[in-house]
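I opened a new model today and kept notes as I went. Here is what I looked up.

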Amino acid sequence: MEQLMKILEDINPDNDYATETALIDGGLLDSFAILELVSALEDAYGVEITATELVPKNFNSAQAMWDMIQRLQKN
Amino acid sequence: MQYVSLLYLLAFLPLVLLLYRLLPQRRRWRLLLAASYVFFFLMSKQLIFYLFFSAISIHGIGLWLDACDAAAARAEGEAAEAARLACAQKKKRILCYGVVLHIGLLVLLKYAPFFGQNLNALLLKLPLPVQLPELSLGVPVGISFFSLQAVSYISDVYHRRIRADDNLGRLALFLAFFPVVVEGPICRYSDTAQTLYEGKPLEYENVTFGIQRMVWGLFKKLVIADRLNILVEKIFTNYRDYSGIVVLLGAVCYTLQLYADFSGCIDLTIGTAEMFGVTVPENFRQPFFSRTASEFWRRWHITLGTWFKDYLFYPLSLTKHVKKIGREARKKLGRHLGQAAQVFLPLLAVWVCNGLWHGAGWNYLFFGLYYFILILLGNLWEPAAAGIAKFLHLNREGFLWRAMQTVKMAAIVVTGELFFRANGLRAGFSMFRSIFTGWSAAVLRNGALMKLGLDGYDFAAAAIGLVFVLAVDILHENGISVRRETAELSLPIRWSIYLAAILLVVIFGAYGTGYLPVDPLYAGF
C-alpha cells in the first residue's frame, strides 16, 4: 500500500489519496493520468490491467486500486 | 417533427404523457417503445428499418456473448481452462462481428458518398478510365447516436459490465427512446435501460422540473440560436464578401449558436426524460469555463467524449503492442515523454474518429486533428508549465491566471468552430486568413453589421439571452442549482417566474415572419 501511495503521489501530488474516494468520478485523475498509473502499477506489481478493469469503481480510491491489484495477483 | 415544433410540444408529447398516466405501470414501457418508433418513422420513414435491424442484431449478439460465458462456466475439471480460453477467443470474434456490423453500417450510409467522391477525384488524376458509381442509400436520423449506443451495449456485455438483455423490446426502447434518438446524449444501457422499463409514475416534481428544463432549452434554442443562425448563414455562405471583424463575428456567433442550439436541445431531451422519471446523462458542464482543450472536451458533448475514451482510447492504449511501445519509450525518453508516445496513436485514432463522426468532410477531419494536436501538446507542455509557474511563484489557481486561460480557450474554440462550420476546408482557411488580412474597425461605425440579417432588436435580444445563459452557467459553476433554488421560492413567485420564462420564449423567440425554422444542428451530424 505504501508503494501504491508513492506511485500515486508521483503521478499527481495534488490529491489526498488517503481519504479521497472519487478520484475518477470527481475528475481528479484524467485519462492520461489513468494510463500512466496503469503502466506504473503493471511494472510495480507484475499484473496485467486490461480495458475491462478500467471502470471508476477500481480507480476511485487508493483502497479500490489496492483491492484490484490483489485480485489480479491472485488470478 | 422536431423537438421545437408545435406538433411535438403541444400534441405528441402531451398525448404520450396522458396515455402513460392512464396505462398500468407494467405496460408503460410498451407505450414509450411505440411512441419512439412512431416518432422515428415520422422523421425517417422507411429508414426505420435500420433502427429495427440495430435492435435485433444487438439483442442476438448480446445473447450469443452470454451463451459463451455460460458454456465456459459449466465446464469443470481439466476441461475448464480449455473452455475458458475457447470462450475468450469466441467472444472476441463475436465482439468484432458486432462492432464491424454497426460501425460498418454507419460508415456505409454516412461516408460512402464522401469516400466515393474523393476516390473518383483521385482516379481522374490517374490515366484510368474508371469512375465509381455514386452510392447514396439514405441516412436515417440519429444513426450516429444509436450506432454508438449499440456498440457500447455489445462491448459492455463482452466485458461483463452488464448481463445481456433477453427482452428485445427493452433493448429496442433503449436504442430508440424518442427524446434521445435524434441527437443524444449517448446513453449507456446500465444507466438508462432499467429506468425506461420501470414505468415510474408521473410525479409532480419530475414533471415540473422537466417542464422547467424544457422551457430553458426552448429559450436557448429559439431566442438565441435560431436568431444567430440568420447572421451565421449569411457570413458563412457568402464568406468571400466579408473579412476582418465580420468574419470573426461570424465565427463567434456560430460558436454561441452551436452551444445554445445543442445544449438547448439537450435540455429538451433531458427535460422530457425527467418527466417520465428516466435517467439520461448530462452532456454539458459549463464548457466555456475550461482552461485546457482536454478539459473543454470533458465539459462539451460529454457523452461523446466518454464514449470515445471508454470504447476506443482505453482499449487501444492497453493493447499489448501499444503497451510495448510505451515501455520502450519510457526507457528511452523518460516517464512523461514515454507515456505521451504510448498514447500518441490511440489519441490520434480518437480524434480522427471524433472529427469524422461529426460529418463526412475534410473540414471535420481537420477539426479532429486540430484538437488532437492541442491536447497532445497541452499534455507534453504541462510539466514545463508547472515548473515555470513554480519558478516564477505564479498562482495557477488565481483569478487572473484562470481568466487568461479562459480567454485563450475561447480563442481556440472559436477558431475550431470556424473550420467546423465552414463550407469545406478551403473555405475555412480562406475565412481564417481573411480575419487578419481584412481587418477594419470601420464596420463598427458604417452600419455594415446591421446588413447581416439582424437588426438592433435582434442583436439586443440575442445579447440579453446570452447574458442569462452566462449568469446561469456562473451559478452552476459555483455549485448553485437554479432549479432547486427556484423550487424553494413561494408559490406565487415561483409560478410568476415560470410564466415569465414561457412568455420570454413566446415573445422573443426567433420564429414566424422573417425567421426560418432551424433543425437541431447536431441532428445533421
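**Entry 1: where the chains meet.** I began with the contact between the chains, which takes 15 residues from chain B and 13 residues from chain A. I counted two residues as in contact if their C-beta atoms, placed from the backbone, lie within 7 Å. On the side of chain B that touches chain A, the elements giving two or more residues are α10 (293–299), α11 (302–317) and α13 (335–358). The largest share, five residues, comes from α11(B). Helices here are DSSP runs of H or I with at least four residues, numbered from the N terminus. I sorted this side of chain B into five nonpolar, seven polar and three charged residues. Ala, Val, Leu, Ile, Met, Phe, Trp, Tyr, Cys and Pro count as nonpolar, Asp, Glu, Lys and Arg as charged, and the others, Gly among them, as polar.

**Entry 2: ground rules.** I noted that this is a predicted model, where local features need pLDDT of at least 70, side-chain atom pairs count only at pLDDT 80 or more, and totals for chains, interfaces and linings use all residues. Residues are numbered from 1 along each chain as its sequence is written, while chains are lettered from A and ligands numbered from 1 in the order in which they are written.

**Entry 3: one helix.** Next I looked at α2 of chain B, residues 28–44. Its 17 residues reach 24 Å from first C-alpha to last, close to the 24 Å expected at 1.5 Å a residue. That expected span is 1.5 Å times one less than the number of residues. I found buried residues in α2(B), among them B:W29, B:L33 and B:F40. Buried means 20 or more other C-beta atoms within 10 Å of a residue's own; exposed means 12 or fewer, and partly exposed is in between. Down the axis of α2(B), the buried residues fall within an arc of 165°, so they line one face of the helix. The arc is that of the directions from the helix axis to the C-beta atoms. These residues pack against α1, α3, α6 and α7 of chain B.

Entry 4: Most residues other than glycine have a negative phi, and most peptide bonds are trans. I found B:H301 with a positive phi of about 45°, in the loop between α10 and α11 of chain B. Is B:H301 buried or exposed? B:H301 is buried, with 25 other C-beta atoms within 10 Å. I also noted that the peptide bond from B:G184 to B:P185 is cis, with omega near 5°.
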